[in-house]
Every structure is written in structure tokens, then in C-alpha cells.
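Reader: Please take me through one part of this model closely, a pair of helices, and then connect it to the cavities and the sheets. I would like the cut-offs stated as you go.

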Amino acid sequence: MALVSGAIPQLKQQLLPSIELPMVSVLAPYQGASPDVVEKQVVEPIEDSLEAVDGISGVTSKASEGNAVIMASFDYGNDTKQLVADVQQAVNRARVQLPDDVDPQVVAGSTDDIPTVVLAVTSGKDQQALADQLDKTVVPDLKDIDGVGQVTVDGVRDLQVSVTPDDKKLARAGITAQALSQALQAGGATVPAGSFDEDGHNRTVQVGGGFTSLTQIEDLMVAGEGTAAKKPVRLGDVATVKQEQSTADSITRTDGKPSLAVMVTMDHDGSAVAISNAVKDKLPDLRRDLGSDSKITVVSDQGPAVSKAISGLTTEGGLGLLFAVLVILVFLASVRSTLVTAVSIPLSVVLALIVLWTRDLSLNMLTLGALTIAIGRVVDDSIVVLENIKRHLGYGEERQEAILKAVREVSGAVTSSTLTTVAVFLPIGLVGGMVGELFGSFSLTVTAALLASLVVSLTVVPVLSYWFLRAPKGTPADADEARRKAEEKEARSRLQRFYVPVLRFATRRRLTSVLLAAVILIGTFGMAPLLKTNFFDQGEQEVLTVKQELKPGTSLAATDDRAKKVEQLLAGVKGVKGYQVTIGSSGFMAAFGGGTDTNQASYQVMLDDKASYADVQDDIESGLKKLSGIGTTTVSAGDGFGNQDLSVVVKAADPAVLNKASEQVRTAVAGLDHVTDVTSDLSQSVPRISVKANSRAAAAGFNDQTLGAAVGQAVKGTTAAKAILDDTERDVVIKSAKPATTVAQLKKLQLGPVKLGDIATVKLVDGPVSMTRIDGQRAATITAKPTGDNTGAVSTKLQARIKALKLPAGATAEIGGVSSDQDSAFKNLGLAMLAAIAIVFMLLVATFRSLAQPLILLVSIPFAATGAIGLLVATGTPMGVPAMIGMLMLIGIVVTNAIVLIDLINQYRKQGYGVVEAVVEGGRHRLRPILMTALATIFALLPMALGVTGEGGFIAQPLAVVVVGGLITSTLLTLLLVPTLYAMLELRKERRAKKRAAKRAKKAALPSQRSASDEPEPEPAGV
């Protein structure tokens, strides 16, 4: 118990186990570049370089206005750190081909990188002052929390040094914009000039040192160019220098007010619950430090969800334990015996927790679900052992001898049955993908608990039985008399009186029994089409996500204006606790496929604790339909597990063909029932301004490069140098005093003696908003959201629709998304089940030293599916990945009772019993332990199957429903069908053995007769 008290507090508490995401993203901003330029100059060189990296299974790229995102995906289980290093090397090799101002970043992530707590801070101060205050007060306090790895402040606009020249003063000084840029570049340079030795010391020489203050930049002397150049002038005399915020590429608001996000991420050893509680404890002090005009809102917090899941599963597990103990008490009718048996539950769970602790695994929805499910199973071995000990004590045997004999009698069967249950988890390694990663810790937990239960049943239970159990009162001293009386008492029990006649009928009418079983099996297959299927159930959510998209090319300000309408709606929806909107993109939203354009807005909607997410979602959706001019909107579960969207990827080299094919697919998907929010990411064209130098440009002293620099300065400003201010590197940007904001203003842009319109063609042209490539080919993805819980049926209809389409030549359509994930998971889990059956068969062959008897035991498996499928259909629970894992578990569980039964029948056969008599005696003696173990498991899982607390998460309930249903039918069939098939097999073997014996006897008899007739007659004696 000392070990327990040390181990349990050490366990991390998380929502999910740590999983490295099988994706590495390369972010490469290229400010001001159009999508086609980004594709040609950034995407293609990086893609070509990534081809040399081993382990990458696919590359998806998106080139949009001023930005490139290249996502390289690989299989789960690969060495992520090595892959990130390889991708980084590939990107470094590609740098020489990239434009000078493109600085690609490599980003990888795992589930641990999802922020544990996200706070939104609003204030009356300007955002830069608020960010500085957060860095000084809030960030250090949160970093001090045990288990916190990183605290970042997001949403603050970077500062830059703006140099705004006065055109008239520049002209009077004979200085061009290019000369000003060159002067800043040269003045901010740091040049290493070598080293020399002086007085025994080595001295390095450094020329320059960069800008470290605004005054230094203002005092920079700038000289003109050419013959018209006058004497150098001070930069501050011809331009204004000031530090200001850079142009916004995103806007974030919380509950309608501009906000900054404080994101708390845990380290590898962190516990989500502990961090969440510590942050809550610190919030009053943080609010006081920031002042009364500031407000801190908790936008997202993993802690309560983890606590609820752990609390729910613990409650269901506790109720299950209570029910299992009550079942044992009813059967054994002895408090002492019940307590001896029940001790295996806490001991096995504790040993499993210690294994989790030593393996540095967390207590999460999967490991806790595994422990809860194991509660019903870990008592099985102890029940079989204890029930046999009680029987032998009732036979009047001496206590120690009775216990040793009883344990020896069942130890082989108990060990074999537990190893069989454990063995089914070995093929989880074959599943791979996200399912394999998720359920790896689940299978380890169940395995640890079951192996612990085996050890407890063969060691602790016999010792406790020796200490606490006695022979029943009134047991005769004579062992034979005691055995006879115990047998008579057992035969008079209600269970025996009901079961034995049924078993005798089944073994006599063997063909009838087998035909009935065949009918049940056919009925099982008949129920299969009624099953709903999905990937993972979403469960109850606490956060909703709303996505808003306006026409491509919509400005940030216009999108912001439309977003305010949606915010107004959210503020009035019942059940909404708070909301946060991000317009445009900030930070690394793009790294894993997030929207990045100014025409997009994303909302995180936090719900009240008692609110139903389905009702709130319906209210929001109906409200959005009534709003005009807000573009297209979608509402989805914000913290659900796994992507539940259907998707079809269309590829074609020719843009026109891609456009036509993707529209065909989009129309086909939109025509499906039970789908909503059908969207295509194939961008529409959007007008952009094209500036092309004409024949007069050269005469004015301009080429494409110098013209581009001049226009860039007039529109967005050009970065000329870097300055270190307050220990932070800032861009030094030359900006126009009157930046061009219309086509007309751009044409009138004064470039020395000429205007831009005189030396270049300035016009609006259509161009793509973005370009998506998958594995080097142009592609479009059509996505849709299934509305019901039968994703499998919708996927099947979608596949039929796509196959029926006649796409234009050169175009292909392939189904991805949740359909692909579900098909892959089901296929792999199906293979895992076949592998599990093969492993179980080999173990049974080793146990029984027979090929025929293990085949009889395997008959239990398809009949387990009868109850499992029946209960799934009856309760309307979809067959998803958790239910499939339940099916895998059943393969091991249902065979265990049959092993215990056949093992005893074989023992009776060795003692000289006839086949039918051995079957009846074995069934009679194993009836009680088989019913006890089955009912203990069923009742232990009942609270979870019923979802008593509703907090069990997306794993536990479907899994429990499958195991309960499968156990009900397989137990009934184990008690009747398995003995019947055994009798059929053994009687047939006996008949064949008798025939062979008769033949051998006949053959042996013939030569003896022949030899007798061949002997000569004895000669008469001579007289």
C-alpha cells in the first residue's frame, strides 16, 4: 500500500495519451507575392527538396497570397525527431533557390503541444503596453507552475521602425529612395574585420555594430547619388523616424473586446488537471496585478474535461466493483469468501497503476477506461480458484490438502484462459495509425491488470483462503461421506435442477442443438446491415467552433465588420458562456491546415457547464441562417476527437479540367442525404493589380527590380535594415508618407520626374486566391459534414456516387477524410482480430495438446458477435473503433469460460468417466463459476454500458456495450453448445476407435484360426 500511495499521486492526468502527430509543416511567408509566384518560387523548390527525405508518405502544399504552407505527412510510429531534422536539412538545401526575403520555418507537433489552458486578456491599455505587462507579471507567474513547459503571449502586433521620407526634402537634397535604402542597409551593418595580437592578447576587430536606438538612425548621414548629389544630410532632417505597430494581419477579440491570448503548454511530465487547478488558484492574483481595467477570460481548459472523464469513469468503475462483489456474494453466500475473492480487484488495479507509473504513462481516458473494463475481468481467476477451494473444503478434505489440490486442479486452466485474454492485445501492434497509437497504452493497462489478477489468484487467494475459510458447518468427518453429501446438496440447487436436464437434452439431441445454433448464427449475420458505423463518437462537447468565410479578396477590415454581426448573435445565444474570434491568421494556424486568409474568421464558443451542445449548436445555426451578408458559415464540435468530415480529393494537371471535375464532385456530394456544409477549397479567381514596365521605363532609369522596389515602398513599405531596440530585433521599414490605396493613386505615383502610369501598364487582372498541390499535382478537396451518427452508410453512398461520375480526361477523385480513416481502421482491426484468433488457437493447442478441441472452443467467438451486434442495434450505438476494440477483447474473454469447462471434462475422462457422463459432470461442476465470472464481468461493465455518469468519454460506452452483449450470448452457448460439440467429437472418436479396435481384433483372430487348421493331424500310436 505504501507503493500505491507513492505511485498514484505521481501519475500524470491528461485527456489523451501523448501522440506525436504524423506531420511536419514548413511555413514560408513571402510578403506581397501572388499565389502563382509563391508556387513557382517557394513551393516547387521546397517540394523538390523534400522528395529526398525517407519516410514521408505524402506532401500537401498551399500557395496563397504572400504565404506558402507545405505539409509533409508520414506514418505513425516513425522517429518524429529524426524526420523533423531531415525535413529541416531538406529546407536548408532549398534555401539557395528561394527569394532572399523568404525565411521558411519547420514546425512539428504532438498532442502535448495542444495548450492546456488558454487565457484571453482584454484591457483599456493599448495592446503593446498590455503585452509588456503580461510578459512582466502573468508569464513568469504561470511559468512557475509545476509541469508547465511554455507560456506564450499571442495576438500582439510586432513593432517596427518606420522611416517616412519627405519627398520634397529628399529631392532638394538630391537623394533617391534607393540611396536612402542603401544608406540604412550600410549604416546598420556589422562587419567582422579580422584580428591581431597585441601585448599577448588576441584582439578581434569589428566595424559598425548595428542600430540600437532611434536617435542613431536619425543621426545617420545620407549622401545622394550621381552628379546631382549634394553634401550628405542627416536622415532625421529629410525623414520622420518612429517606432510603431506593423500592419495587422489578424484581429482577435474575446466577448467583443480586443484581446491577447496567453497560452499555457505543459511539458512531458505535466498533468493537465494539476496545471488547470494551479492556474485557477492564481487567477485572482493575476487579475489584481493587471488592474481593474483588465479582464482575464478562460477560453479553453483541458483540466475540467479530464477531471470529468476521470471522475465519471472512476464512479462507473466503483459501481461496477460494487455490482461484481454483490454477484459474488449472491453466489457464494459468504461474506468471508466474497472478501477473499474481491481483494483481487484493488490489488490488480494497483499493480496496473504501478506499471503505468514505471512506464511514465498518464492516467487518461484510455488507460482509465482500460482499468474500468478490467475490473469485471480481474475477478474471474479468483472466482474459479476460490469456488474450487470451497468445493474441496466441503468434501471434508484437510484444509491445506484441499487448497493445494483445488489450486492444482484449476491452475492450468486459469493460466491458459488469462494468457488467452492477454494474447488478443498483441495484434494491436498490427493496427498502426492513430488507432494503434491511441490503444497501445490501453492494451498495456488491460494486460498488466489481467496478469496481476492471475498472480493474485494463484498466490494471494489461496493464502487468504487458508487463513479465513473453513469447511461448512456440519461437514462429516469421513471424507467420502462429506463428498457424497456435498454432491447431493449441489445437485438439489435450483441452478443444477434447471441446467442438468437441459444439458442432457442438448447432448442427446446433438443435431437439433447444432441446427438451432446455426439458425442463431445466420440471424447474427442478418442483423449486421442494421448496424450504424462511425469512426469515433464525438461525445458531449464543451466548445463549439464556428468558421466564417467571405468572398475571396475581402479585406481584413470588411471581414471584421461582418464578424461583428456573428459576435452579436453569439452574445445573445442561451448556453454560451463566452466566445473568442480570430479574423485572418495569427501565429501557426496554418501549420496544420488552418485558414490563413483575410476573408476568414474562426470562433471558439465556450458553453455553460449545464448547456447541451446539440441545443446550442442548433440555436447558433438557425441564428446564422437569418443573418445576411456574413458569407458561408459552419458550426462543428470544437474539442471532439478526430476529424469527422467526409472529404474527396480531386486531382488534375490542367486547371480548367480540375475546375470542371471538382464542381462535378461538389454537386454529387451536395446531393447526398444526411450531409451538410459542402465546401470546395478550389479557389475562385480574385482581381489583383498588375504593374508591368513599358518601353519608356528604361529611359527613366527603371527596370523591373527598381520599379518593384519603388512600388513596394509606396504600397507596403520596404524593409531596409534591422535595429536592436529593448533587446528585441525590429525591422526598419521605409514607408511612403501617402501610401497608394487605389489603382488611380498607384498610376499617379510620382517616381522622380515621371509618374508610374507613364512608364508602366497598371491594370486589374484575375488571378487565383490560392493553389493547392498534393504530391506535386494540382488538387482540390471537397469536404462535407455528416449530420447523423451513421457515417459508414453515408460513406458507402458517397463511394457509389463518386464511382458513378464520368470525370473529364486527366482528372481523378479519391475519397479521404473520415471515410478513409474509418475504412483503414476497420480493415486493420479486422486483420488484428484474425491474428488474435490465430494466436488464441495456438495457445489452446499448446494447452490441450489437440487440434480438434481448440476448434470447438473457437465456436464461442462467432456467437459472442450475436450478443454484441444485437445489443449495439438495440441501443442504437454505432460500431466505431472503440466497439471494434471491444470485439477484439471478446475473442479472448469468451474463450476463457470454455477453457475452464473443457479442462475439467478432460480431467473426468482421464478418471474413467464416459463421454456424456464426463460432459454432464463437468458442466454441473463448472456451471456456478462460469455464471459467476460472466455475471461479475457483465454487472461490472453495466454502469459504463448504460453511461450512468455521461462522462465516460468516447471510448468506454461502446466498448462496454459490445463486451456485455457478447458475454451474455457466448456464456449461454458455452454452457450448452460447447459440451454438445465436445460430445459429438469425442463419441465419434470413440466409435472410430472401437471400429479400429474391432478391425485389429479381427485381423489378429484370422491368423490364429489359420495356423490352427494348418497343423497336421497327430499320427496314431503304433501298437
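Author: The axes of helix 12 (residues 335-342) and helix 13 (residues 344-358) come within 5 Å of each other and cross at roughly 10 degrees. Helices here are DSSP runs of H or I with at least four residues, strands are runs of E with at least two, and both are numbered from the N terminus. Axes are lines fitted to C-alpha atoms, for helices over the stretch in contact, and angles run from 0 to 180 degrees between N-to-C directions. Helix 12 and helix 13 therefore count as roughly parallel to each other; that label covers angles under 35 degrees, while over 145 is roughly antiparallel, 65 to 115 roughly perpendicular and the rest oblique.

Helix 12 makes the contact through Val-340, Thr-341 and Ala-342, and helix 13 through Ser-344, Ile-345 and Pro-346; contact means heavy atoms within 4.5 Å. These residues divide into four nonpolar, two polar and no charged. The nonpolar class is Ala, Val, Leu, Ile, Met, Phe, Trp, Tyr, Cys and Pro, the charged class is Asp, Glu, Lys and Arg, and the others, Gly among them, are polar.

This is a predicted model, in which local features need pLDDT of at least 70 and side-chain atom pairs count only at pLDDT 80 or more, whereas totals for chains, interfaces and linings use all residues. Residues are numbered from 1 along each chain as its sequence is written, and side-chain values use heavy atoms, with hydrogens and water left out.

Next, the cavities. The count comes to two cavities of 30 Å³ or more. A cavity is a set of points, on a 1 Å grid over the protein atoms alone, where a 1.4 Å probe fits but cannot get out, and lining residues have an atom within 4 Å of a point. Grid points are joined across faces, edges and corners, and a volume is the space filled by probe spheres set on the points.

The largest cavity holds about 60 Å³. Its lining includes Arg-377, Asp-380, Asp-381, Thr-896, Asn-897 and Thr-933. Helix 15 (380-394), helix 16 (399-423) and helix 32 (881-910) each give two or more residues to that lining, which divides into three nonpolar, four polar and three charged residues.

The second largest cavity has a volume of about 30 Å³. Among the residues lining it are Asp-380, Thr-896, Asn-897 and Thr-933, each of which also lines the largest cavity. Helix 32 and helix 33 (915-946) are the elements that give two or more residues here.

Four of them form an open sheet with mixed pairing, in the order 12-7-24-23; two strands pair if DSSP finds at least two bridges between them. Strand 12 (239-245) and strand 23 (718-725) are the edges, each pairing on one side only. The twist averages 25 degrees from one strand to the next. Seven bridges join strand 23 to strand 24 (residues 728-734) in the antiparallel sense, and Thr-719 has Val-733 of strand 24 as its bridge partner. Helix 7 (residues 177-187) lies across strand 7 (159-165), strand 23 and strand 24, at about 30 degrees to strand 23.

Elsewhere, strand 2 (residues 56-64) pairs antiparallel with strand 3 (residues 67-74) over eight bridges, with Thr-60 opposite Met-71.

Notes: On a 1 Å grid over the protein atoms alone, a cavity is a set of points where a 1.4 Å probe fits but cannot get out, and a pocket is an open set with protein on both sides within 12 Å along at least five of seven lines; lining residues have an atom within 4 Å of a point.
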